[in-house]
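Thanks for coming. I will take you through one structure, part by part. Please have the sequence and the model open as I talk.

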Amino acid sequence: MVEIVQGDITTLDVDAIVNAANPSLLGGGGVDGAIHRAAGPRLREYNKTLGGCPPGEARLSPGFDLPARHVISTVGPVWHAGDQGEAQVLENAYRNSLELALANGIRSIAFPAISTGVYGYPKEQAARIALRVMKEYEPKFDRIIAVLHSPEDYERYRRVLAEMDGG
Ligand code: APR
């Protein structure tokens, strides 16, 4: 089962937490800022060696000071009007994060709601894409967790997942 929890992704003791990063991978606001603060400055130093990340792709780093063993940084799409391939890029961000995790023996992974903050992706549409891809990969992991920061986002994910499960 895909788990849905409300809270701060930086507190999770899992093999990997996913960061909604920007293409520099060197930090920013939102969940990216929170992850860099909690991981400590070594994350930024490490990420300098990665040479950035295009939208829809993913990169692996150690977790440093986080309880999580790894950080998987991915870059979601900036929402324009939905006619510039945003949905495909968002799906790729989830899918490539999960494939990178599998390739590195990661068994438990937590995702924030990629692109739904600063990048402006409509939350309901993003939730459908996120949960569809997570459900597809769920048999290959011990735990896949969607972490929502606000109670409203948490309730939205619960409802969308229930609808997808036919409830
Ligand atoms: N834990 C879990 N979720 C969080 C946390 C946290 N500690 N902090 C924020 N969020 C949630 C937000 O509520 C939002 O729903 O993460 C979601 C994604 O929002 P953003 O962090 O703004 O990410 P995104 O929309 O993908 O924009 C990426 O923001 O600062 C940057 O460097 C980043 O430029 C990039 C952009």
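Start with a term: contact, or touching, means heavy atoms within 4.5 Å. What we have here is a predicted model, in which local features need pLDDT of at least 70 and side-chain atom pairs count only at pLDDT 80 or more, while totals for chains, interfaces and linings use all residues. Residues are numbered from 1 along each chain as its sequence is written, and side-chain values use heavy atoms, with hydrogens and water left out.

Two more terms. Buried means under 20% relative accessible area, exposed means over 50%, and partly exposed lies in between, with a 1.4 Å probe and protein chains only. Helices (H or I, at least four residues) and strands (E, at least two) are DSSP runs, numbered from the N terminus.

I begin with Glu91, which sits in helix α3. Glu91 counts as buried, at 13% relative accessibility. Not counting residues up to four places away in sequence, Glu91 touches Ile129, Arg132 and Val133. The side chain of Glu91 also makes a polar contact with the side chain of Arg95, at 2.8 Å. A polar contact is a pair of N or O atoms within 3.5 Å; within protein, one must be able to donate a hydrogen and the other to accept it, and residues adjacent in sequence count only if both atoms are side-chain atoms.

Next, helix α4. Its 15 residues should span 21 Å at 1.5 Å a residue, and the end C-alpha atoms are 21 Å apart, which agrees. The expected span is 1.5 Å times one less than the number of residues. Which residues of α4 are buried? They are Ala126, Ala127, Ile129, Ala130, Leu131, Val133, Met134 and Tyr137. The buried residues of α4 pack against β1, α3, β5 (108-111), β6 and α5.

That brings us to α5, residues 151-164. This helix has 14 residues and reaches 20 Å from its first C-alpha to its last, close to the 20 Å expected. In α5, Asp153, Tyr154, Arg156, Tyr157, Val160 and Leu161 are buried. Seen down the axis of α5, these buried residues fall within an arc of 160°, so they line one face of the helix. The arc is that of the directions from the helix axis to the C-beta atoms. As background, an α-helix has 3.6 residues a turn, so residues three or four places apart point the same way. The buried residues of α5 pack against β1 (2-6), α3 (86-103), α4 (123-137) and β6 (143-148). Just after α5, Gly166 takes a positive phi of about 85°.

Now the strands. Ile4 is found in β1 and is buried, with a relative accessible area of 15%. Leaving out residues up to four places away in sequence, Ile4 touches Leu131, Ala146, Leu148, Tyr154, Tyr157, Arg158 and Leu161. Val18 lies in β2 and counts as buried at 0% relative accessibility. Beyond four places in sequence, the contacts of Val18 include Ile9, Ile35, Ile72, Ser97 and Phe111.

Two loop residues deserve a look. Most residues other than glycine have a negative phi. Leu25, in the loop between β2 (16-20) and α1, has a positive phi near 60°. Leu25 is buried, with a relative accessible area of 1%. Phe64, in the loop between β3 (58-62) and β4 (70-74), has a positive phi of about 50°. Is Phe64 buried or partly exposed? Phe64 is partly exposed, with a relative accessible area of 25%.

His36 lies in helix α1, residues 30-39, and is buried at 12% relative accessible area.

Last, the ligand. How many residues surround the ligand? There are 21, and the closest are Asn22, Gly29, Asp32, Ser115 and Val118; a residue is near a molecule if one of its heavy atoms lies within 4 Å of it. A polar side-chain atom of Asp32 lies 2.6 Å from an oxygen atom of the ligand. For Ser115, a backbone N or O atom lies 2.8 Å from a ligand oxygen, and a polar backbone atom of Gly117 is 2.8 Å from an oxygen atom of the ligand. Taken alone the ligand exposes 710 Å², and the protein buries 89% of that. Accessible areas come from the Shrake-Rupley method with a 1.4 Å probe; for residues, only the protein chains shown count as cover.
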